[in-house]
Amino acid sequence: MRSDDSEWRVHRFDLLRYVGRRVDDVALRDDIVQEAITRLLVYQAKPGITVANIAALLRRISLDLTRDHFRRAGRNRSVALSDELLCPQPCIQERLEQRQLVAIVAGVVKAMPRLRREVFFRRRVEGQSAKEVSQALGISPGAVDAHIARAVLDLHLAMEKIEKRGGIVRG
């Protein structure tokens, strides 16, 4: 260190006031001043470097550090968390229940006879009309309706069994 401690204290005090005009956070202000002094000392330690105006260089370094900090903070905007801030997504328990319900429905649909499953899938998933399904599968529209009614009944019975066991199916 080329200057005595009292001179560094004065530089630090002046720099804290200078940075304090731009930064409200006391901890951040201290960090910026400390980093500016550290960078100045590292810079002065290089051979052949003589700093004519230490105060001006410290202000320049601290100004750059302050701008860098707020630039980074602007890129990574954060919101303070609170218990009142609600997440629009369902909670993990609800998501697990939804996945379980989907697995149950998939199992029930998979266990259906092939033709009933095909009719159910075309009508309820693909949104085809009863006439389109009957023509595609070579069955009557009444048979399509009957397959749909049985498929819905299968799903309803499966949900009733789950509800009797205490599982939450319908919310």
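My entries on helix packing and rings follow.

I note that this is a predicted model, where local features need pLDDT of at least 70, side-chain atom pairs count only at pLDDT 80 or more, and totals for chains, interfaces and linings use all residues. Residues are numbered from 1 along each chain as its sequence is written, and side-chain values use heavy atoms, with hydrogens and water left out.

Entry on helix 2 and helix 3. I looked up residues 26-44 (helix 2) and residues 54-75 (helix 3): their axes come within 9 Å and cross at roughly 125°. Helix 2 is therefore oblique to helix 3. (Angles under 35 degrees count as roughly parallel, over 145 as roughly antiparallel, 65 to 115 as roughly perpendicular and the rest as oblique.) Their contact (heavy atoms within 4.5 Å) includes Leu-28 and Ile-32 of helix 2, and Ile-54 and Leu-57 of helix 3. I found 11 nonpolar, 4 polar and 2 charged residues in this contact.

Entry on helix 4 and helix 7. The axes of helix 4 (residues 92-111) and helix 7 (residues 141-164) come within 10 Å and cross at roughly 135°. That makes helix 4 oblique to helix 7. Helix 4 brings Ile-104, Val-105, Val-108 and Val-109 to the contact, and helix 7 brings Asp-154, Leu-155, Ala-158, Met-159 and Ile-162.

Entry on rings. I looked at Tyr-18 and found Arg-22 over its face, at 4.3 Å from the ring centre. (A charge sits over a ring if NZ of Lys or CZ of Arg is within 6 Å of the ring centre and within 35 degrees of the ring normal.)

Technical notes. Axes are lines fitted to C-alpha atoms, for helices over the stretch in contact, and angles run from 0 to 180 degrees between N-to-C directions. Helices (H or I, at least four residues) and strands (E, at least two) are DSSP runs, numbered from the N terminus. Ala, Val, Leu, Ile, Met, Phe, Trp, Tyr, Cys and Pro count as nonpolar, Asp, Glu, Lys and Arg as charged, and the others, Gly among them, as polar.
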